[in-house]
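Thanks for coming, everyone. I'll keep this brisk. Please have a look at the model first.

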Amino acid sequence: MPQDLPKVSQPTKEHKAIICIWADLTMTHMDTIINCTSMEEIQSFIAESFGLADWHDNYRSAIVLDLFYYTLQFAIDHHFSKEQTSAFFSIVKKTHEVCTETPFDNLEICYNYFKELILCHAVKRPPWSVNIFSPEQVHLVTEYVLTTYFKHYKLYKYAFTPLVKLDLSISYDGVPLTPEPVDVCEETQEFETEAIKESEDVQGECVEVEESAKPATEEENAVERELRQIVTDQLSVEIQKLKLSISDQIQSNDDEPSKILT
């Protein structure tokens with residue numbers, strides 16, 4: 001029975017949900033967003049406000065920019081107030097930060113944290129929570145985040161998990177260290193130079209061999225012709241014998257049915 005591999009312990013970090021109205025989008029930010037007249041203006045404002053100016057070249061910044069933009073667009077389409085839009089934006093932003101803080105699977109932690117953030121803004125219990133979202137809005141927000149963010153949770157996790165490369169070196173007692181690898185460009189140039197020199201030497205040798213082999217070539221050709229004629233004659237004899245044998249066999253096969261009928 002193979003032994004079970006030990007499980008890698010997942011680092012746990014407590015996340016306490018708090019009221020986050022105006023945490024990321026202030027009143028001034030909301031006024032600017034409302035006054036924007038196009039998608040490009042809103043994206044430009046988000047990129048400038050949250051350090052995503054490199055979204056044209058950085059795919060992670062582009063993903064976050066899309067996440068923030070469509071979050072705002074959802075709030076605008078459903079006529080959220082400025083307080084509700086700011087809170088909803090911060091809820092999505094904080095949920096994404098918890099999701100991407102570790103390469104381990106923390107789906108359950110993220111979802112529980114999201115639910116606590118929603119409750120902090122749907123139940124009137126000051127100073128721990130406020131009720132800025134109605135039950136209908138809570139349903140809309142929850143359904144939106146479930147069908148957009150959590151449905152693609154693994155894609156977000158994959159995109160924001162850093163790539164780790166292992167550079168392993170082993171040293172043994174009494175064994176000299178392996179020399180550092182030579183630069184590929186320098187090694188390639190040296191190899192090409194040596195190859196050119198060797199090809200020139202080989203070509204020179206081939207010319208000398210051809211010149212010295214010319215007198216012997218005619219004698220070798222005569223011997224080859226004689227051997228080829230001997231082989232051809234012998235094959236012709238064997239092929240003729242084979243044809244006669246096959247003809248005799250065919251004739252005997254044809255005669256057998258006649259004998260049986262008679």
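**An exposed tyrosine and its patch**

Tyrosine 172 counts as exposed because its relative accessibility is 55%, and the cut-off for exposed is over 50%. Keep in mind that this is a predicted model. Where is tyrosine 172? In the loop between helix H7, residues 153–160, and helix H8, residues 184–261. Together with Leu166, Leu168, Ile170 and Val175, Tyr172 makes a nonpolar surface patch of about 610 Å².

Now the inside. The largest nonpolar core has 43 residues. Which of them touch the most other members? Ile46, Phe88 and Val145. Two or more residues come from each of these elements: helix H1 (27–35), helix H2 (39–49), helix H3 (59–77), helix H4 (82–99), helix H5 (107–120), helix H6 (135–148) and H7. H3 gives the most to this core, with eight residues.

Take isoleucine 46 on its own. Leaving out residues up to four places away in sequence, isoleucine 46 touches Leu52, Leu65, Phe68, Tyr69 and Leu72.

Is histidine 121 buried or exposed? Histidine 121 is buried, because its relative accessible area is 0% and buried means under 20%. Histidine 121 sits in the loop between H5 and strand E1, residues 122–125. The side chain of histidine 121 reaches the backbone oxygen of leucine 117, at 2.7 Å. There is also a list of contacts, again without residues up to four places away in sequence. Histidine 121 touches Ile18, Ile19, Cys20, Ile21, Ala87, Ile91, Val130, Asn131, Ile132 and Phe133.

Histidine 79 is exposed, with a relative accessible area of 70%. The loop between H3 and H4 holds histidine 79.

That brings me to the backbone. Most residues other than glycine have a negative phi, and most peptide bonds are trans. Histidine 79 has a positive phi, near 55°. Tryptophan 22 also has a positive value, with phi near 65°. Tryptophan 22 is placed in the segment before H1. Tryptophan 22 is partly exposed, at a relative accessible area of 29%.

Last item, the peptide bonds. Which bond is cis, with omega near 5°? The one from proline 126 to proline 127. Proline 127 is in the loop between E1 and strand E2, residues 129–131.

That's my tour. Over to you for questions.

Definitions and conventions:
Residues are numbered from 1 along each chain as its sequence is written. This is a predicted model: local features need pLDDT of at least 70, side-chain atom pairs count only at pLDDT 80 or more; totals for chains, interfaces and linings use all residues. Side-chain values use heavy atoms; hydrogens and water are left out. Patches are made of residues with over 30% relative accessible area and no salt bridge: like charges are joined within 9 Å, nonpolar side chains (Val, Leu, Ile, Met, Phe, Trp, Tyr) within 5 Å. Accessible areas come from the Shrake-Rupley method with a 1.4 Å probe; for residues, only the protein chains shown count as cover. A salt bridge is a side-chain nitrogen of Lys or Arg within 4 Å of a carboxyl oxygen of Asp or Glu. Helices (H or I, at least four residues) and strands (E, at least two) are DSSP runs, numbered from the N terminus. Buried means under 20% relative accessible area, exposed over 50%, partly exposed in between (1.4 Å probe, protein chains only). A nonpolar core is a set of buried Ala, Val, Leu, Ile, Met, Phe, Trp, Tyr and Cys residues joined through side-chain atoms within 4.5 Å. Contact means heavy atoms within 4.5 Å. A polar contact is a pair of N or O atoms within 3.5 Å; within protein, one must be able to donate a hydrogen and the other to accept it, and residues adjacent in sequence count only if both atoms are side-chain atoms.
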